[in-house]
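Here are a few exercises to work through with the model open beside you. Try each task before reading its solution.

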Amino acid sequence: MSEEKEQRFQAYVENAKKERGYLPASMVYAARHDIDFIEAYDRVYATTMNDGQELPAKYRELVCAGVLAFRGFDAAVLEHVRRAIRLGATKREVLDAFESTLIPGGWPTVSAGLRALLKIEEEEQAQQAKGAA
C-alpha cells in the first residue's frame with residue numbers, strides 16, 4: 001500500500017470509529033485492500049445516516065436496526081441500537097421501534113431488538129458495578 005493510501009486508511013479507521021462508535025473487521029479489511037471503494041461507501045453512508053435530513057439520525061439508525069433485525073444480523077442490530085442511543089434515542093423509543101416491526105417482521109424481528117436492549121442494559125449494569133466497587 002502506498003504511503004498516501006496508508007494515511008487515508010488510518011484516517012478512515014479513526015474517523016469511522018469516532019463517528020459510529022464501532023467498525024466491523026470486514027470494513028477494516030475492505031478499507032485496507034480498497035480504500036477508494038470504502039471511501040465511496042462512506043460518502044453514501046454519511047448521506048443516508050447522518051442528521052441534516054428531515055428524519056433525525058437517531059431514527060435513521062432505528063430504521064436500519066429494524067431491517068437488520070429482520071435479516072437476522074444481531075451483531076449489527078446491537079451496534080445500530082447503540083448508535084441510536086448515543087444520538088439521543090431513549091430505550092423506550094428503541095422498544096417502540098422494534099414493537100412496530102411485529103406485523104411486517106414477526107416475533108423474531110422484535111426479539112432481535114429486545115436482545116440488543118438486554119445486552120445494552122447488561123453492559124450498563126456491569127459498568128455501574130465497576131463504578132460502585
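**Exercise 1.** Which residues in H5 are buried?

*Solution.* A quick note on the ground rules: this is a predicted model, where local features need pLDDT of at least 70 and side-chain atom pairs count only at pLDDT 80 or more, while totals for chains, interfaces and linings use all residues. Numbering starts from 1 along each chain as its sequence is written, and side-chain values use heavy atoms, with hydrogens and water left out.

Step one: find the helix. Helices are DSSP runs of H or I with at least four residues, numbered from the N terminus, and H5 covers residues 74-86.

Step two: apply the cut-offs. Buried means under 20% relative accessible area, exposed means over 50%, and partly exposed is in between (1.4 Å probe, protein chains only).

Step three: read off the list. Val77, Leu78, Glu79, His80, Val81, Arg82, Arg83 and Ala84 are buried in H5.

**Exercise 2.** What covers the buried residues of H5?

*Solution.* Look for contacts, meaning heavy atoms within 4.5 Å. The cover includes helices H1 (3-20), H3 (35-49), H4 (57-71), H6 (91-99) and H8 (107-132).

**Exercise 3.** Compare the span of H5 with the expected one, then say what follows the helix.

*Solution.* The expected span is 1.5 Å times one less than the number of residues. H5 has 13 residues and reaches 18 Å from its first C-alpha to its last, close to the 18 Å expected. After H5 comes Gly88, with a positive phi near 115°.

**Exercise 4.** How many salt bridges does a search of the whole structure find, and which parts does the Arg8 pair with Asp36 tie together?

*Solution.* The criterion is a side-chain nitrogen of Lys or Arg within 4 Å of a carboxyl oxygen of Asp or Glu. The search finds 15 of them. In one, Arg8 pairs with Asp36, the closest N and O atoms being 2.5 Å apart. Arg8 sits in helix H1 and Asp36 in helix H3, so the pair ties together parts 28 residues apart in sequence. Asp36 is partly exposed, at 41% relative accessible area.

**Exercise 5.** Where in the chain are the partners Lys91 and Glu124?

*Solution.* Start with the bridge: the closest N and O atoms of Lys91 and Glu124 are 2.4 Å apart. The pair links distant parts of the chain, with Lys91 in helix H6 and Glu124 in helix H8, 33 residues apart.

Notes. Helices (H or I, at least four residues) and strands (E, at least two) are DSSP runs, numbered from the N terminus.
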